[in-house]
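I begin with the pockets.

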Amino acid sequence: MALAKRLRAALRADRMRDEPREWVRGEFVITTDRTRLDLDAVHQYISTSYWAAGMPRDVLERAVENSLIFGIYDSSRQLGFARVITDLATYAYLSDVFVIEGYRGRGLSKWLMECVLAHPDLQGLRRFALFTRDAQGLYERYGFGPPRGASTYMERWTPNVYAAPAS
């Protein structure tokens with residue numbers, strides 16, 4: 001089972017062309033190493049979040065496969081996560097950022113943002129976007145703000161895409 005997991009992770013890494021990066025602070029590690037990802041823990045959190053409630057695990061798995069991922073760990077326990085959807089040249093979208101409740105207030109989300117923004121594949125982008133309902137203060141300190149030229153921004157939004165169809 002572990003071998004199959006590592007092979008799948010290697011194939012995903014090859015598709016995204018991402019070499020694992022690692023940052024260490026005390027007992028905590030942030031890494032892009034896909035073999036360390038606890039997808040069950042990430043799914044448990046994200047599927048109950050306000051932004052992706054009900055997301056099926058296979059949808060998250062596909063999203064992870066096609067994104068640059070960052071995990072926060074205390075030993076082998078996954079404490080947080082972020083993923084960046086990007087073309088690695090001009091645009092990136094930060095998504096699914098979280099730190100589990102028992103580890104909030106320790107600066108881990110700030111450190112996670114510093115690691116994301118320092119990643120070599122995310123330098124020189126024309127646009128780096130995100131949506132947040134409640135963490136504007138965190139992201140503003142890293143240069144994020146309201147969209148410029150808001151009249152040019154458009155979206156197609158399906159808020160209940162993961163809800164079970166009515167019978």
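How do the residues of the lining of the second largest pocket divide into nonpolar, polar and charged? I found 13 nonpolar, six polar and four charged, where Ala, Val, Leu, Ile, Met, Phe, Trp, Tyr, Cys and Pro count as nonpolar, Asp, Glu, Lys and Arg as charged, and the others, Gly among them, as polar.

Before going on I noted that this is a predicted model, in which local features need pLDDT of at least 70 and side-chain atom pairs count only at pLDDT 80 or more, while totals for chains, interfaces and linings use all residues. Residues are numbered from 1 along each chain as its sequence is written, and side-chain values use heavy atoms, with hydrogens and water left out.

Entry on the second largest pocket. I looked up its volume and found about 720 Å³ of space. A pocket here is an open set of points on a 1 Å grid over the protein atoms alone, where a 1.4 Å probe fits, with protein on both sides within 12 Å along at least five of seven lines, and lining residues have an atom within 4 Å of a point. The volume is the space filled by probe spheres set on the points, which are joined across faces, edges and corners. Of the 23 lining residues, A129, L130, G145, P146 and P147 are the closest to the centre of this pocket. Two or more lining residues come from each of β5, β6 (127-130) and α5, and β6 gives the largest share, four residues. Helices (H or I, at least four residues) and strands (E, at least two) are DSSP runs, numbered from the N terminus.

Entry on the largest pocket. I read about 1400 Å³ of space for the largest pocket; it is lined by 45 residues, and Y50, W51, Y93, D96 and F131 are the closest to its centre. Strand β5 gives the largest share of this lining, eight residues, and the lining divides into 27 nonpolar, seven polar and 11 charged residues.

Entry on the sheet. I traced an open sheet of six strands in the order β1-β2-β3-β4-β5-β6, with mixed pairing, two strands being paired if DSSP finds at least two bridges between them. Because β1 (22-25) and β6 stand at the edges with a single partner strand each, one side of each is left without a neighbour in the sheet. Strand β3 (residues 68-74) pairs with β4 in the antiparallel sense over seven bridges, and I noted Q78 in β4 as the bridge partner of Y73.
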